[in-house]
Amino acid sequence: LRSRAGYGALGPVDPDLMRTSVIIPAYNADDTLDRCLAAVWASEQPPDQLIVVDDGSDQPIPGALRIPVRGGPGRARNLGAQHANGDVLIFLDADVLIRPDTLALLTAQLAQESGLGAVQTVYDTACEVPGFASQFQNLLQHWNVTRAAGADFHGLSSYCVAIRRAAFDAAGGFDEQVGRATVEDDNLGQALNAAGWPVRVASRIRVSHLARFTRRRLFGRMRAMAEDKVRSLRRQPRLANVPPHRTHHRPAFLFAAAAVPAALALLPVAPLVSVGLFGAVVVLHLPFAAFLAEEKNCLFALEGTAMMCALALAAAAGAMTGVLS
């Protein structure tokens, strides 16, 4: 069942015949890992194999594959895949809770669509972690990924994604040259598409995210993502040949990453142009603001719009670092 030719010849496959391996990279995840594992074992269709990869945690995780020196989630996931025997590899972050039917739904979609390389889940809009930054990040990720639903997704978010083993091998696994949790998964998504294995966003398959964010962490994460994406583009120029509306890097935000620093630079010498650029950023983000207002309230939406401008500035700084480094 692992060859693409075999799937094409067979057509839809009985999900019960597809072995599943759940792979969880973990680094100092004591506060969430137990809940993550409990949710996996409470599944209506438990995995045939569960692999936890300890990516150099300060205190070793009992029973996990151990990487002595932290190498990043891409390396950890690839190590887990090397030890996996499943036809379907389900990568799950240690701070994510799946629902009882998540594994069954993921396997069923891959079994039904023989040419599909991966199925991408989405964050639920409800988030139990308090604080503006955590709630905002959860809703932003939900918004970005669901906008790509209904078409092939040229990217990947590895918090909870099912990948056909044959597709994973054809794409070469996660990008280990990205040594932190930024774009190693996104690069794999584009490699899957380049290898002829499309990725599909399944908006109905939702998971809960337990990560805690601060504003400072959000800014640092965005800067690091932009920096690593630019470095990846320098190594692999083909990554630029992707229409933004088919990724979770939304065109409105890419425009903001250029417009916000330009507006700040022009403010002393061309204030009207500066105001116009800021206005264009706000207008392009009105749909997201309306979503935030619907899920939370108008004050949250207003603060969220300001946060998008700040994140755009962080992305611009990261991109410049990536160009110069």
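## Cysteines

C127 is buried, at a relative accessible area of 15%; buried means under 20% relative accessible area, exposed over 50% and partly exposed in between, with a 1.4 Å probe and protein chains only. Its closest cysteine sulfur is that of C36, 15 Å away and too far for a bond. C36 also counts as buried, with 0% relative accessibility. The sulfur of C36 lies 8.8 Å from the closest cysteine sulfur, in C160, which is too far for a bond. The structure holds zero disulfides, a disulfide being a pair of cysteine sulfur atoms within 2.5 Å.

## Basis of the values

The model is predicted: local features need pLDDT of at least 70, and side-chain atom pairs count only at pLDDT 80 or more, while totals for chains, interfaces and linings use all residues. Residues are numbered from 1 along each chain as its sequence is written, and side-chain values use heavy atoms, without hydrogens and water.

## Overall fold

The chain has twelve helices and eight strands, taken as DSSP runs (helices H or I, at least four residues; strands E, at least two) numbered from the N terminus. The radius of gyration is 20 Å, close to the 20 Å that the globule rule gives for 325 residues, so the chain is as compact as a globular protein of that length. That radius is taken over C-alpha atoms, and the rule is 2.2 Å times the number of residues to the power 0.38. Along its principal axes the C-alpha trace spans about 65 × 40 × 40 Å.

## Burial and contacts

Of the 325 residues, 54% count as buried. Among contacts (heavy atoms within 4.5 Å) between residues at least 6 apart in sequence, 77% join residues at least 24 apart.
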